[in-house]
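The sequence and the model are shown first.

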Amino acid sequence: MTLQKLGLTYYGARVYVTLVSLGPSDATELAAESEVPRTKIYDVLKRLKTEKWITVEHTRPITYTPKYPRDILEEKKAAFNSEVDDVSNQLSMLYDKLMDKEIPKVWLLRGMDNITAKTLDMIRRAERDIMLLGALYSANEIERLKTELSYAKKKG
């Protein structure tokens, strides 16, 4: 049940749903309608009050009223989203620190022959897929790439 995912116990969820269905009620009526044991009903109601799912009116007998569901669920959603954002920020900072320490895998290549040689080497070492993107290939480079790509294709 979704209410349990939001932190309510099984009995707490039953009592809250019963309260929403019945409206303001006393503990005896809630225990009977929600099928929560009378021995547990006061503990359940106390927890619901502490977690702000219900309000309590000190009448005789004490009357319990559910908070408007949309309001309480929006509060829970906002609190959850805030916690997720906090965790995301903390983990991202840790990750960024780690990445800052990592040596980037970058080659500094100058000259068309060096670029072509590195491209051909990567094609030879490719194990699965090859994808070439570019608009500026020299005629000599195209022929060398075609030859190497045909070998790679035969290799699988």
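The model is a predicted one, and the description starts with helix H4, which covers residues 38-50.

**Helix H4**

Which residues of H4 are buried? They are Ile 41, Val 44, Leu 45 and Leu 48. Viewed down the axis of H4, these buried residues fall within an arc of 100°, so they line one face of the helix. On the other side of H4, the exposed residues are Thr 39, Asp 43, Lys 46 and Thr 50. The cover over the buried residues of H4 includes both helices and strands, namely helix H2 (10-22), helix H3 (27-34), strand E1 (54-57) and strand E2 (63-66). Just after H4, Lys 52 adopts a positive phi of about 65°.

**Helix H7 and its contact with H6**

In H7, which spans residues 139-155, the buried residues are Glu 141, Leu 145, Glu 148 and Ala 152. The arc that they cover around the axis is only 75°, which puts them on the same side of H7. Ala 139, Lys 146, Lys 153 and Lys 154, on the other side of H7, are exposed.

What do the buried residues of H7 pack against? Their packing partner is H6, a helix of residues 112-125 whose axis comes within 9 Å of that of H7 and crosses it at roughly 10°. Angles under 35 degrees count as roughly parallel, and H6 and H7 are therefore roughly parallel to each other. From H6, the residues in this contact are Met 112, Thr 116, Thr 119, Leu 120, Ile 123 and Arg 124, and they meet Glu 141, Arg 144, Leu 145, Glu 148, Leu 149, Ala 152 and Lys 155 of H7. Sorted by class, the contact of H6 with H7 holds six nonpolar, two polar and five charged residues. After H7 comes Gly 156, which has a positive phi near 100°.

Methods:
Residues are numbered from 1 along each chain as its sequence is written. This is a predicted model: local features need pLDDT of at least 70, side-chain atom pairs count only at pLDDT 80 or more; totals for chains, interfaces and linings use all residues. Side-chain values use heavy atoms; hydrogens and water are left out. Axes are lines fitted to C-alpha atoms, for helices over the stretch in contact, and angles run from 0 to 180 degrees between N-to-C directions. Helices (H or I, at least four residues) and strands (E, at least two) are DSSP runs, numbered from the N terminus. Angles under 35 degrees count as roughly parallel, over 145 as roughly antiparallel, 65 to 115 as roughly perpendicular and the rest as oblique. Contact means heavy atoms within 4.5 Å. Ala, Val, Leu, Ile, Met, Phe, Trp, Tyr, Cys and Pro count as nonpolar, Asp, Glu, Lys and Arg as charged, and the others, Gly among them, as polar. Buried means under 20% relative accessible area, exposed over 50%, partly exposed in between (1.4 Å probe, protein chains only). The arc is that of the directions from the helix axis to the C-beta atoms. The expected span of a helix is 1.5 Å times one less than its number of residues.
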